[in-house]
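Here's a quick tour for anyone meeting this structure for the first time. Have a look at the sequence and the 3D view, then read on.

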Amino acid sequence: MAEPVTELGSWRGEQVKVGQVLDALADLRRRSPMGATRTSVVNLVVVARTGDAADRAAAAIAGLGGRHPGRTLMLVPAGSGSGSNGDSGDKVDASVSLLGSEVEGHDVWSEQVTLSVGRAMAHHTDSLIEPFTLPDLPVVVWFVSDLPLADDPVLRSADVVLVDSKVLGDVGAFPRIAELSRRHIVVDLSWGRLRPWRELAAGLFDGRAFAPFVTRVRHVDVTGKEGPRHLLAGWLASRLELPRSAFSLSPARHVSLALAAEGASFEVAREDGKRSVRASASVDGGPSHTDVLTLPDASLPWSLADALTRLERDRVWEQALRGALVFAPAGGP
Amino acid sequence: MTEQNPLAEGAESDRRAPPCVLVVFGASGDLTTRKLMPALAELADGRRLPAAFCVVGVARTEMADEDFQARMLADMDKPSAAWESLVSGFRYVAGDYSHPDTFAALKRVLAEVHAARGTGGNVVYYLATPPQVFGEVAAALAAEGMSKPEDDGSFVRIVIEKPYGRDLGSARELDAQMHASFDESQIYRIDHYLGKETVQNVLALRFANAIFEPIWNRRYVDHVQITVAESLGVGHRGSFYEGAGALRDIVQNHVLQVLALTLMEPPATIDAQGIRDEKVKALRAVDILSVDEVGNEVVRGQYDRGWVEGGEVPAYREEEGVAADSRTETYMAMRMQVDNWRWAGVPFYVRTGKRLPKRYTEVAMEFHDVPHLPFGRKDTRGLGPNALVLRIQPDEGITLRFGAKVPGQAFRVRSTSMDFSYGAAFMEETPEAYERLLLDAMVGDPTLFIRTDEVEQAWRIVDPILEAFADPSFPVAHYQAGTWGPREADRLLDRDGRRWRSP
Ligand SMILES: NC(=O)c1ccc[n+]([C@@H]2O[C@H](COP(=O)([O-])OP(=O)(O)OC[C@H]3O[C@@H](n4cnc5c(N)ncnc54)[C@H](OP(=O)(O)O)[C@@H]3O)[C@@H](O)[C@H]2O)c1
């Protein structure tokens, strides 16, 4: 998916004003050898509280290639990157780059702005974001390393909040993510990674021969790492309206689902040693079918690109998350 | 679907085929391996096919299930796990279409598949055979009682490939044969052009935006040019092409479909009936030429030797399977008029050809000049009229040409173009035309298929031209391969004071 990205130009300034950064951006665009128009679809604001998180996010964004072109604003705490860690009023350390790539023979460019935010500004980060957002496009805020507090000023600018429950501490973070999702549209990258399992499980009940069994599921076994198995169990419990007692959850390296219904059984499991998942349905003394799916790339760029195509409230996920809380051992994971 | 699947709630793959069997007639052929199977593989990888799904191939070539499976795997570059798993369930029936045994065997296989896989009696037949056997297959299916669904909510559909007849008369005959066995609502006539994203996007552009539709008419549009250019020659299909020509092969279907989408009025709903009703109305408004007028409005061309994309290529008459004195057209240009309020007086120039400099399809609207240019003549030298270009292939997108001031002290104005490219704006992969259409047929959405009255209207437009071409004195203008067609085509526009665009 990722097309190579080249840096068409860059600029860097220490202790500069926002206006200077905006001028630098405009200047880079003017001097760019690429076409006179651009296609932009998103404003992505990245909040990284550590240098490591900032690096991971930057790599993921570079990995988007020409997809989801737009402007990325990376907010890192002053002192975590290079440059001075001074904290002088309305000045920031900034770097700007113009990135170009090619999608289906077309030049596409994106702009990336990194600002190191001093303590003095921490309570007014929204005032740093606004000047940089491209008009008419959604503002997506990605909290890379930790969850925002309820009054985090960045949330004021956000149309959509991206999180990755896996990074945030899985089940331990679920209650706070659930809380956040009451007030904001939240998209969880981990949920996106579970889509293959969900789709396969749903597909098991397609068609007249199999559909009736979806209301006759009596027991469900879910395996996998902590976060995924709880999310999937929460999902199945909320969709199928099953009590907690119908579930057995056990830790495993890979996710698997086994649904026992009256008169039929259904399974979704990773194929041994392969990057594919097999789903099978079998009606006792009746028809059966199997379905195989190759897992998509598990990388962060893929998850990010995928999440950016689904910037909307996902009630099914919200209910799954709340359902997962029921399975979480009391007092945390 | 009988029951709601609570697990499917919120799933993105809202367009997923229901459990069904796809029966491909002519499964040993070119279309099957080159188009249908790759499209199915993409659908499988994209999670668009149900788990309860099966392909049954039918053709005269003797093969066992395993041979057919091996062939369908071998033809794929890098088969995915999903495709391998799917193919391992494929079935094959060998037999002649004139023999009832073939269909009895097919019936048995279908019953087995429905019982073992839970495909629920749902069948889509796909006729990937030469058209001369369409009627025969349809009749045989009906004779075995296989052309109608059971009374249990299952479906039976049949997909047929172009050409739908050779002229109005034979198209009506084919329809009568099909209708003897299938209802019109079961018949899905493919024009793969309609499966292309950008062709569909003509509808989105026109009917989802408030700014285009108001200028989409004679008041603002000076003329429209539709270009369907291919760089390829006829290749090995020379003998087929001899009996077809550009008029039947491209104009009657693809060009007129694109034209209909460009001309049509806004439908009340973007659904099968809404769109197709409006397309038929649009085609009905196209001025039908009399045979005598054809000479004045239509240019018929054929390529000579030349150079295309860096290689020297033979003349059409030197191609394999082509007569040395062939008069078959490999190029056609025509001027069309549309008799309705929206378009009266706006010429539609249409051209299509093989061995043109590049593969390129577009619909271009050229707008009127501004009533008065308040700039000096020398300041507007680089300024052309506004144009809105819908690029259909290869580089799908939209270009808007408009005048902008050249930076500097003087007030010089020049045309610039603003370019929107699909690939760049959306992350979603654009589905191939066959992928889209196969899925539509399985889902049961006939919007992008051709209804019988559309076929008929299209032939009404084409018939007089066919008749004029049949006259041995009708000129065939020759053009060098690798050029944009014969000079006569330029004259068609010259006399109106216009020029073909250079795409
Ligand atoms: N190929 C394309 O790209 C393309 C594009 C648009 C439309 N189409 C249309 O799609 C259909 C199939 O095209 P194709 O290129 O796949 O054709 P094809 O390869 O010539 O024929 C398909 C199969 O039909 C069988 N067949 C040939 N002649 C027959 C006859 N007289 N009676 C019964 N069966 C016969 C052959 O299989 P057996 O000998 O094993 O029976 C052959 O493998 C045609 O209607 C064509 O016009 C094709």
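**Helix 1 of chain B, and a look at chain A**

In helix 1 of chain B, the buried residues are Leu31(B), Thr32(B), Leu36(B), Met37(B), Ala39(B), Leu40(B), Ala41(B), Leu43(B) and Ala44(B). Buried here means under 20% relative accessible area, with exposed over 50% and partly exposed in between (1.4 Å probe, protein chains only). Keep in mind that this is a predicted model, where local features need pLDDT of at least 70 and side-chain atom pairs count only at pLDDT 80 or more, while totals for chains, interfaces and linings use all residues. Residues are numbered from 1 along each chain as its sequence is written, chains are lettered from A in the order in which they are written, and side-chain values use heavy atoms, leaving out hydrogens and water.

**More on helix 1 of chain B**

- Helices (H or I, at least four residues) and strands (E, at least two) are DSSP runs, numbered from the N terminus.
- The cover over the buried residues of helix 1 includes strand 1 (20-25), strand 2 (53-59), helix 2 (65-74), helix 3 (81-87), strand 4 (123-127) and helix 13 (433-443) of chain B.

- Arg47(B) follows helix 1 and sits in the loop between helix 1 and strand 2. Its phi is positive, about 65 degrees, although Arg47(B) is not a glycine.
- Arg47(B) is buried, with a relative accessible area of 5%.
- Arg355(B) also isn't a glycine, yet has a positive phi of about 55 degrees. You'll find Arg355(B) in the loop between strand 11 (348-353) and strand 12 (360-367), and it is buried, at 14% relative accessible area.
- The peptide bond from Lys162(B) to Pro163(B) is cis, with omega near 0 degrees. Pro163(B) belongs to the loop between strand 5 (156-160) and helix 6 (168-181).

**Chain A overall**

- Chain A has 10 helices and 14 strands, and its C-alpha trace spans about 75 × 50 × 35 Å along its principal axes.
- Of the 333 residues in chain A, 55% are buried.

Key:
Contact means heavy atoms within 4.5 Å.
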